[in-house]
Amino acid sequence: MVQGDVPYGLISAAAVAIREGLIDWAGAEADLPDTYADWDRQDLEGRLLTPALIDCHTHLVFGGDRAREFEMRLNGASYEELARAGGGIVSTVSATRAASEQELVASALPRLDALIAEGITTVEIKSGYGLDREAELTMLRAARRLGQMRPVTVITTFLGAHAVPPEYTGRAGAYLQEVCLPTLRAAHDEGLVDAVDGFCENIAFSPAEIEQVFACAQELGLPVKLHAEQLSRQGGTALAARYGALSVDHLEYANAADAAAMAEAGSVATILPGAYYTIRETQAPPITLFRDHGVPMALATDCNPGSSPMTSLLMAMNMGCTLFRMTPEETLAGVTCHAAQALGLSDRGRIAAGLRADLAIWNVSRPAELSYRIGFNPLHARIFEGRP
């Protein structure tokens with residue numbers, strides 16, 4: 001079992017008591033109180049028990065695919081060049097706008113099922129491929145439906161400030177005022193949004209433009225997060241920290257000042273190796289700076305059709321180790337307790353009394369195996385709200 005302050009918090013010969021979907025007690029089996037003597041028991045036969053995994057940054061709902069752009073990248077086109085030529089995020093917009101809610105749900109289900117099969121019980125899903133009122137709301141409704149169709153918690157994030165749609169080219173400010181902000185308010189009124197995100201980059205929105213979105217989120221009482229410093233340093237991290245962002249994500253071009261600001265704000269650094277790998281980035285996120293400043297690091301798939309078509313959180317853990325020299329202990333924390341923190345969830349991500357009994361049972365002998373193996377899923381069983 002993984003718990004506590006020792007390396008991994010590992011307890012050998014441990015026991016966990018579950019009552020009505022919550023952890024009632026956890027610790028060494030030798031210390032199990034007599035209160036539980038007559039409870040039904042399940043012997044895990046020496047398997048590893050961890051908190052269930054959490055994918056805290058995905059774009060799981062979208063229309064179409066971008067396999068053609070994948071080919072173009074391999075022939076030399078950069079991510080920024082594709083975006084400026086009308087590809088990238090914008091190329092997914094037309095396919096998403098053309099899809100019905102039912103079609104978006106049907107196409108996303110296999111991706112969600114792939115995550116569930118690796119022990120995920122909580123997943124964040126962003127909008128941001130509709131970029132008009134109806135399509136953005138349809139994406140969020142589809143995400144909510146996914147959470148009703150599978151035993152998984154879906155956290156929905158409004159990402160209307162993901163890109164400027166073609167009909168607003170050169171008029172980002174007008175798009176924000178006429179489409180993005182009114183749609184955010186409509187999504188909030190319909191109960192479709194748990195958090196608000198944006199893309200602060202030279203191919204998307206400036207810090208001043210993102211601040212308009214954050215001000216609206218603050219007015220609605222919604223937490224914020226931000227895609228920042230992915231392709232260049234635009235200053236989005238400092239802005240996110242000023243607004244007490246739950247997380248700042250990507251961060252390849254973040255610096256020491258950014259790390260210090262995040263530490264002071266309590267923001268999580270969400271590391272996304274799938275995008276780094278897919279677009280063949282060469283600037284790695286400053287992991288050492290985050291360690292030195294005590295910034296918690298989450299890890300996620302960033303599942304999306306363009307820059308990270310990945311549906312394996314276990315692979316993201318391996319990439320975090322091999323590409324960025326994160327430790328296996330850091331990656332496990334990154335997909336459990338720190339991922340929960342990046343979503344503002346204090347009721348999961350650890351094994352402790354009073355928390356949700358969202359757990360994963362693994363056919364491994366040591367925690368490092370979860371990051372060490374490539375293309376192998378050792379999940380034995382997943383427990384969601386106390387139910388296997």
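1. A residue counts as buried when its relative accessible area is under 20%. Asn304 has a relative accessible area of 4%, so Asn304 is buried. The structure discussed here is a predicted model.

2. Asn304 sits in the loop that runs between strand S11 (297-299) and helix H12 (313-324). Leaving aside residues up to four places away in sequence, Asn304 touches His59, Phe62, Tyr129 and Pro309.

3. Tyr129, one of those partners of Asn304, lies in the loop between strand S5 (120-126) and H5. The relative accessible area of Tyr129 is 2%, so this residue is buried as well.

4. What feature does UniProt place at Tyr129, Asn304 and Gly306? The unreviewed UniProt entry gives "binding site" for these positions. They span 178 residues in sequence, but no two of their C-alpha atoms are more than 11.4 Å apart, so they gather at one spot. The annotation comes from the record and may be inferred rather than shown by experiment.

5. Two packed helices are described by the angle between their axes and the distance between the axes. For helix H5 (residues 133-149) and helix H6 (residues 172-189), the axes come within 10 Å and cross at roughly 40°. H5 and H6 are therefore oblique to each other, and their crossing is right-handed.

6. Which residues make the contact between H5 and H6? From H5 they are Arg133, Glu136, Leu137 and Leu140, and from H6 they are Val179, Pro182, Thr183, Ala186 and Ala187. Sorted by class, this contact has 6 nonpolar, 1 polar and 2 charged residues.

7. Backbone angles come next. Most residues other than glycine have a negative phi. Glu45 is not a glycine, yet its phi is positive, at about 55°. Glu45 is placed in the loop between strand S2 (22-28) and strand S3 (48-51). Is Glu45 buried or exposed? The cut-off for exposed is over 50%, and Glu45 has 62% relative accessibility, so Glu45 counts as exposed.

8. Glu229 also has a positive phi, near 50°, and is a residue other than glycine. Its loop lies between strand S8 (225-228) and helix H8 (236-242). With a relative accessible area of 0%, Glu229 is buried, whereas Glu45 is exposed.

Technical notes
Residues numbered from 1 in each chain as written. Predicted model: local features only at pLDDT ≥ 70, side-chain atom pairs only at ≥ 80, totals over all residues. Heavy atoms only, no water. Axes fitted to C-alpha atoms, helices over the stretch in contact; angles between N-to-C directions. Helix = DSSP H or I, 4+ residues; strand = E, 2+ residues; numbered from the N terminus. Parallel < 35°, antiparallel > 145°, perpendicular 65-115°, else oblique. Left-handed = near helix turned anticlockwise from the far one by under 90°. Contact = heavy atoms within 4.5 Å. Nonpolar A, V, L, I, M, F, W, Y, C, P; charged D, E, K, R; others polar. Buried < 20%, exposed > 50% of the residue type's maximum accessible area, 1.4 Å probe, protein only.
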